[in-house]
Amino acid sequence: MTQAVLDIENLSVTFRRGGVPVRAVRDVSLRMAPGEVVGLVGESGSGKSVAMMSAMRLLDEKRAEIAAKRLDVDGRPVGGLGRRGLEALRGPVVSYIFQDPATALNPLLTVGWQIGEGLRRHRGLSREAARREAVALLAKVGVPAPERRVRQFPHQLSGGMRQRVMIAMALSLAPKLLIADEPTTALDVTVQAEIVRLVQGIQAAEGMAMVWVTHDLALLARLARRIVVMYAGRIVEDAPADRLYAAPAHPYTAGLLASTSRLDVAFADQKPIPGSPPDPALDPVSCAFAPRCFRASERCRAERPELLAHGGRRRVACFHPLAEAEP
Amino acid sequence: MTPPVIEARGLTVSFTLPGGFLTRRPPPTVQAVSAVDLSVAKGETLALVGESGCGKSTLGRALIRTQSISNGRVLFKGRDITDLKGEALRAARSSFQMIFQDPYASLNPKMRVFDTLAEPLRVHGGGSRAEIRERVDEILDAVGLDRSFGARYPHEFSGGQRQRVAIARAVVLKPDFIVADEPLSALDVSLQLQVLKLFDALRRRFSLTYLFVSHDLARVFGFADRVAVMYLGKIVEIGPATSLVARPAHPYTQALIAAAPSPDPVLEASREVPRLSGEIPSPLDPPGGCRFHTRCPFVMPVCRSVEPPMLPAGPDHRAACHLLGSGTGPA
């Protein structure tokens, strides 16, 4: 089997909040092949961003306790990496696009300088060569007049343009894995559609693996071949996108699907998930979704379902899955 | 015929920006809302949809007189409230309520939920302590919060629960008109539908009238009776929600509908999104003629020079597009 680009086994991340341990990520295992595109879905607090940030060692480790049997990116264990190891990891191997480009960009440096930073440091490019490369990257992400834009500061750009700059930065060292964490949430609907198409086109052309983190399943329908759903810190379903949208197996996935905005379903027929997510400080032995689940039984309230294979291509953590197991 | 609850006639809101440092040029002016005509009937929900900076929130605030008006009139149940001041303005405003995007910022963190809900009742003479208690319990029930939550503070709630408290506070006086300004956009998809269903249940129970401001047409269209689409300070299309989505007349409305993703990989793979060229121009310097012409895929020479009037596009359905006048239609 080819080397996985991301290989996580039994990852748990715990924060201490005023002495109370809050388990943000609970026993997550996820393997991604090179070039694979995964949509990672969950509500805020489901642990989706924390899981991805721990793979890049972006968490504040004074506050976060990370435990994992394996946490490898492109074959290298990231757990033990020191400053130099992390520098070699972030950018050339894996890069991260954040939700809010306004806070991720340095307001005092030109966008050209920031895009070129990795190229100067990792590739030893001269300032002039890095600037030329930054112009080419901006053109690639659809920024008009890139020669002029490289000399501008972040505040001179619109939100959509700033997010394009972030994407150019993330792509500058041709990473093997790109993690896009709700990159379009802060953008307008029409701009969002453009950014999704842009990233999709670049991914198809360059073939890097990608994780797109979001709370909106509708957004992923076009992007991802595989969908991983998280709830209360755990993966509850992992399935090929075409199967998951056509026949979700976990009742939570079904609820998320039914909750997405859509123009083709009458409002009266749109059914929300009742209740709210559990307190992350609690650690029940039951299924965390049971209090909100229309299929919950006594067993669900007494025992936690493990994430197990459900047919050949799917994993589900549910005693009463909605979809039949398929080969 | 009963007059609409709220009516705007030629409503214009301009902002004067701070002038340039050491320059003698006059400070720049932005027309955030430009000559808008609009009315909302009793019991109706009008969704006001548009992208950031289009002026939708400013229009919402101007309708309830919490935003100063530069030109035009606002009528409340047929009575002109544009020039009300002091006590008369305060009295008129007590018929209105507003719900914001961020419930945390709009709730007093030092006040228990019970007092947050009881305060407006006390201020407006809501009766004895027992009666107030009863009204608060009723409203907590109505928004799906346990009565025991009254003893808690806002920080003890999740985002969705806080938005329920903010909604409860807005509804407790049974106002004539509620402006909900992007009340869903800080919430996860699953909570958005929950909260929208709550708005729906409350309007039935208390015969409420909403202006529902949102950037997400797909989210609100099924819930709204009518939809108004705003672009750079102008309403470009308005009509019954079903006919506006089924037969959008303005190319901008068409683009908004095309941009909304659907949770269906097969549909998504086959769908081509008509590309809008560029981004929204600065409201400081809006394009002449039709304000949408710089991004419109169907732009004609006339669009660059002549501003299109609102033209009929169906029953009770109008759009500001020259294609409607040319008889060809933009489809």
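A residue counts as buried when its relative accessible area is under 20%. Keep that cut-off in mind for the first stop in this predicted model.

**Stop 1: B:Val74**

Select B:Val74 in chain B. This residue sits in strand S4, which covers residues 71–76. Is B:Val74 buried or exposed? Its relative accessible area is 0%, so B:Val74 is buried.

Now show what surrounds B:Val74. Leaving aside residues up to four places away in sequence, its contacts include B:Ile6, B:Leu11, B:Leu63, B:Ile69 and B:Ile81. B:Ala62 is also one of the residues touched.

**Stop 2**

Move to chain A and colour the strands. An open sheet of 8 strands runs in the order S7-S8-S9-S3-S10-S11-S13-S12, with mixed pairing. Strands S7 (94–97) and S12 (308–309) of chain A are at the edges; each has a single partner strand, so one side of each has no neighbour in the sheet.

S12(A) pairs with S13(A), residues 315–316, in the antiparallel sense over 2 bridges. Select A:Ala309 and look across to S13(A): A:Arg315 stands opposite.

**Stop 3: two helices**

Select helix H11 of chain A, residues 251–259. H11(A) packs on the sheet and touches S3, S10 and S11 of chain A. The directions of H11(A) and S10(A) make an angle of about 105°.

Finish with helix H1 of chain A, residues 48–55. H1(A) lies across S3, S7, S8, S9 and S10 of chain A, and runs at about 145° to S9(A).

Definitions and conventions:
Residues numbered from 1 in each chain as written. Chains lettered and ligands numbered in written order. Predicted model: local features only at pLDDT ≥ 70, side-chain atom pairs only at ≥ 80, totals over all residues. Heavy atoms only, no water. Helix = DSSP H or I, 4+ residues; strand = E, 2+ residues; numbered from the N terminus. Buried < 20%, exposed > 50% of the residue type's maximum accessible area, 1.4 Å probe, protein only. Contact = heavy atoms within 4.5 Å. Pairing = 2+ DSSP bridges. Axes fitted to C-alpha atoms, helices over the stretch in contact; angles between N-to-C directions.
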